[in-house]
Amino acid sequence: KGGYGEMFATLREVSGNRTLMTMLGVAGAYALFVGNAYQAQMPEFAHDLGHGEPGWHYSLLLGAHAAGALIAGVMLESRGALLARPVIAIRLALIWCLVIVAFAFSNNYALSVVLLFIAGLLDLTFGSMAQTLVQLEAPAALRGRVIGLYSMAGLGLRTFSGVTVGILGSAIGIHASLALSALLLLLCVSVLLAFAQRAGTHNT
C-alpha cells in the first residue's frame, strides 16, 4: 500500500494526537491559501510601491523578507525546541496573516519593506516550531511517515496557492487577492487555534 492510501492510513493512526493534527492543518492551510505565491508577484508590488528603478525596489522587498527569515533562523538555532508550543506557533501564524493583509493594502514603500521583514521573521518562526513539534510528537515507528506527510502538506499544496493568489489576482488585482487569501487563511488558523486550546494542547 502506498501513495494516497498510505497517506490516509498515517492520518488515521495519528488522528488522536491533536498537536500533530493542528500542526499538519496549519502547514496545509498556509500552503493552500498563500504559500510563497505572492513572492512571484513581487515585481508588480514593487512597481505599485516604488519610485525610480523597479528592479532595485523589487530586490529590496525580497531582501527584507529574506533578512527577517535569517534573523529568525539565528534566534531559533539555540532556543527553537524550548519555545515550540502548539498555541504559540498558531498565534504566530495568525499574526503573520495580519501582516500579509497589511502588506497587501500598504501603499507606502518603507512600510511595506518593514512588513515583509516581519513576515519573513514570523514565517520561518512558526514554520520551524510546527516542524519541531511534528518531529517531537510523532510516534517513533511512524516518525518518517508523519514527517513526510507534513512535508507534503507544506509543499505539495503550494500548487493551489497559485490559484488563490495568482489567478484570482488577474481578476480582482494582486493586492485584493493576496489580502483575501490571507484572510481565508486567518479564518482557518483561528479554527485550529480554538481546536488546540479546547484540546488543552497549549502550554504557554
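Trainee: Which residues of α2 are buried?

Mentor: This is a predicted model. In α2 the buried residues are Thr19, Leu20, Thr22, Met23, Leu24, Val26, Ala27, Gly28, Ala29, Tyr30, Ala31 and Phe33. That makes 12 of its 16 residues, so the helix is mostly covered, given that buried means under 20% relative accessible area.

Trainee: Where does α2 run, and what span does it reach?

Mentor: Helix α2 covers residues 18-33 and reaches 22 Å from its first C-alpha to its last, close to the 22 Å expected. At its start, a side-chain oxygen of Asn17 comes to within 3.1 Å of the backbone nitrogen of Thr19. After the helix comes Gly35, with a positive phi near 55°.

Trainee: How many disulfides does a search of the whole structure find?

Mentor: A disulfide is a covalent bond between the sulfur atoms of two cysteines. Here the search finds zero. The closest cysteine sulfur to that of Cys97 is in Cys188, 9.1 Å away, so the two are too far apart for a bond.

Trainee: Is Cys97 buried or exposed?

Mentor: Cys97 is buried, with a relative accessible area of 1%. Cys188 is partly exposed, at 28%.

Trainee: Which residues touch the most other members of the largest nonpolar core?

Mentor: Val34, Tyr38, Leu61, Trp96, Phe103, Leu178 and Leu185 do, out of 60 residues in that core. Helix α6, residues 86-105, gives the largest share, 13 residues.

Trainee: What about α10, residues 174-198?

Mentor: Helix α10 has 25 residues and reaches 36 Å, close to the 36 Å expected. Its buried residues include Leu178, Leu185, Val189 and Leu193.

How values were computed
Residues numbered from 1 in each chain as written. Predicted model: local features only at pLDDT ≥ 70, side-chain atom pairs only at ≥ 80, totals over all residues. Heavy atoms only, no water. Helix = DSSP H or I, 4+ residues; strand = E, 2+ residues; numbered from the N terminus. Expected span 1.5 Å × (residues − 1). Buried < 20%, exposed > 50% of the residue type's maximum accessible area, 1.4 Å probe, protein only. Disulfide = S-S within 2.5 Å. Core = buried A, V, L, I, M, F, W, Y, C linked by side-chain atoms within 4.5 Å. Polar contact = N/O pair within 3.5 Å; in protein donor to acceptor, adjacent residues only side chain to side chain.
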